Amino acid sequence: MKHLLSINDLSKAEAINVLDTAAELSRLSEGTVKKFPTLRGRTVVNLFFEDSTRTRISFEAAAKRLSADVINFSAKGSSLSKGESLKDTALTLQAMGADAVVIRHGASGAPHQLARQQWMTGSVINAGDGTHEHPTQALLDAFTLRRHLGQDAGDLQGLRVAIVGDVLHSRVARSNVLLLQKLGAKVVLIAPPTLLPVGVASWGAEVSYSLDAEIESVDAIMMLRVQRERMDDLYFPTEREYSRNFGLNLERINSMKSDAIVMHPGPMNRGLEISADSADSTRSVIVEQVANGVSIRMAVLYLLLSGTARSESNSTIEVGV
Amino acid sequence: MSVVLNAGEINRALRRISHEILEKNHGSADVLLLGIPTRGAFLSKRIAGDINEIEKTSIPVGTLDITMYRDDLRMRPPRTLLPTEIPSGGIDGKHVVLVDDVFYSGRTIRAALDALNEIGRPKSVQLAVLIDRGHRELPIRADFVGKNIPTSKDESVKVHLAEIDGSDAVTIEGRDGK
């Protein structure tokens, strides 16, 4: 495996291997070993065309714990704001010898473009592209679910997970549906009809328009952020109405199974899709998701970058097409 | 394929290694065994069992995975990580005995020394191996050896242990599988 662009790049066994590797790395990091020499001399570039806190910091921390050199590159303050193309940016990164590029882009498919056009020879990791996918987020969510509800090993057979809210604009939802189903869990998508994408029936997940009808039967609930910045239309009448029908509050948490957990990929709109007291409740594993994100990204970088020796000398790049 | 050590001979070799560890360290005080997975981990448990029986004590034993410290990570497909369990007392000030099944190029042990360096500062590090097959590529030697087996680089030496392979034996195989 050279790139991680979509959950579909991973077989079930490969996905479980990522989770197992992350589990071992997380156990080691909690104990004695803070830093590994594994990727010494490798360069990881964080190429962020969209804003991010968690994902970028988490990739940076992961790369540094593996002793890689990290270059952070954000659209603001670079030549991208002068209109440089993705291709020229990629050629620049190639010239600097990037072994891996972690890319977040507002356009769905940008990471695929970067990986397939052979502008550069390094690995490409999708850190969120438009409304398409965010595979490392799904992996860390599966890791968190397995830790709390599984045996911290194997797959997620038998679990029922609700994904609630703005499924239409959510790359997190799409990657999670693919991964959780691959690992044997059942997924139910809960949203107003306006916030479900066309063709959602082909995803293989159940669809429901009522949070209260499903909440008692799920093992975990994943709240999605209402993505105001991607909303070019009126998707629900008022925020108050959305919050009343699809927001998570303490009353709803209390009706969940006694061991069910509350997740959110962040950043949260407190008071809209999740109330402040439910975000801070004992059922919430939202902060733990962030910590698990570092372990998952260490595992992904390790698995992608080890065993990829390439000739250091004048590797030619095919320009064009 | 020929058998170079049978179950009884493996047991006697481990027994002798246990005595030698005690002799060299003047008893079992501050001795800690770390097995290198997979088979070194089982061997370290057996040696610890022998030492505990001889000394009527209970010495700490753990495992040390060296995958993240290998020098050939760039050349090979990624390897699955194996468990590292450091005994709760840590390794600072201890006589750490690394235990592995086959001692060959010495690169595994170099990686293990790097890994130990991250974990703490032992008083001394010693090495116990069941088989020393020669062909060292680094200036590293073993303190306790079960059996020296001169080999050619074409041959492969395999240690089979009851814990995972069903029975105990050490076998040697030529490149042509004989």
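Buried area is the accessible area, taken with a 1.4 Å probe, that two parts lose on being put together, summed over both. Met68(B), Arg74(B) and Leu81(B) supply 41% of the area that chain B buries against chain A, more than any other three residues. The model is predicted, so local features need pLDDT of at least 70 and side-chain atom pairs count only at pLDDT 80 or more, while totals for chains, interfaces and linings use all residues. Residues are numbered from 1 along each chain as its sequence is written, chains are lettered from A and ligands numbered from 1 in the order in which they are written, and side-chain values use heavy atoms, with hydrogens and water left out.

The interface can also be described residue by residue. Contact (heavy atoms within 4.5 Å) involves 18 residues of chain B and 21 residues of chain A. The two chains share 1 salt bridge, a term for a side-chain nitrogen of Lys or Arg within 4 Å of a carboxyl oxygen of Asp or Glu. Its partners are Glu85(B) and Arg27(A), whose closest N and O atoms are 3.8 Å apart. On the side of chain B that touches chain A there are 10 nonpolar, 3 polar and 5 charged residues. In these classes, Ala, Val, Leu, Ile, Met, Phe, Trp, Tyr, Cys and Pro count as nonpolar, Asp, Glu, Lys and Arg as charged, and the others, Gly among them, as polar.

Next come the empty spaces. Rolling a probe the size of a water molecule over the atoms shows where empty space is left. On a 1 Å grid over the protein atoms alone, a cavity is a set of points where a 1.4 Å probe fits but cannot get out, and a pocket is an open set with protein on both sides within 12 Å along at least five of seven lines; lining residues have an atom within 4 Å of a point. Grid points are joined across faces, edges and corners, and a volume is the space filled by probe spheres set on the points.

The largest pocket has a volume of about 890 Å³. Of its 34 lining residues, Arg70(B), Arg79(B), Asp100(B), Val102(B) and Thr108(B) lie nearest its centre. The lining comprises 12 nonpolar, 7 polar and 15 charged residues. Helix 3 of chain B gives the most, with 5 residues; helices (H or I, at least four residues) and strands (E, at least two) are DSSP runs, numbered from the N terminus.

The second largest pocket, of about 410 Å³, is lined by 22 residues, with Arg104(A), Arg171(A), Arg225(A), Gly266(A) and Pro267(A) nearest its centre. Helix 2 (54-65) and helix 6 (171-182) of chain A each supply at least two residues of this lining.

The search also finds 2 cavities of 30 Å³ or more in the whole structure. The largest cavity has a volume of about 80 Å³, and its lining includes Arg54(A), His264(A) and Arg297(A). Helix 11 of chain A provides the largest share of that lining, 4 residues.

Some backbone details complete the picture. Most residues other than glycine have a negative phi, and most peptide bonds are trans. The peptide bond from Gly266(A) to Pro267(A) is cis, with omega near -10 degrees, and Pro267(A) sits in the loop between strand 9 (261-263) and helix 10 (276-279) of chain A. Another cis peptide bond joins Pro37(B) and Thr38(B), with omega about 5 degrees. Ser67(A) has a positive phi, near 70 degrees.
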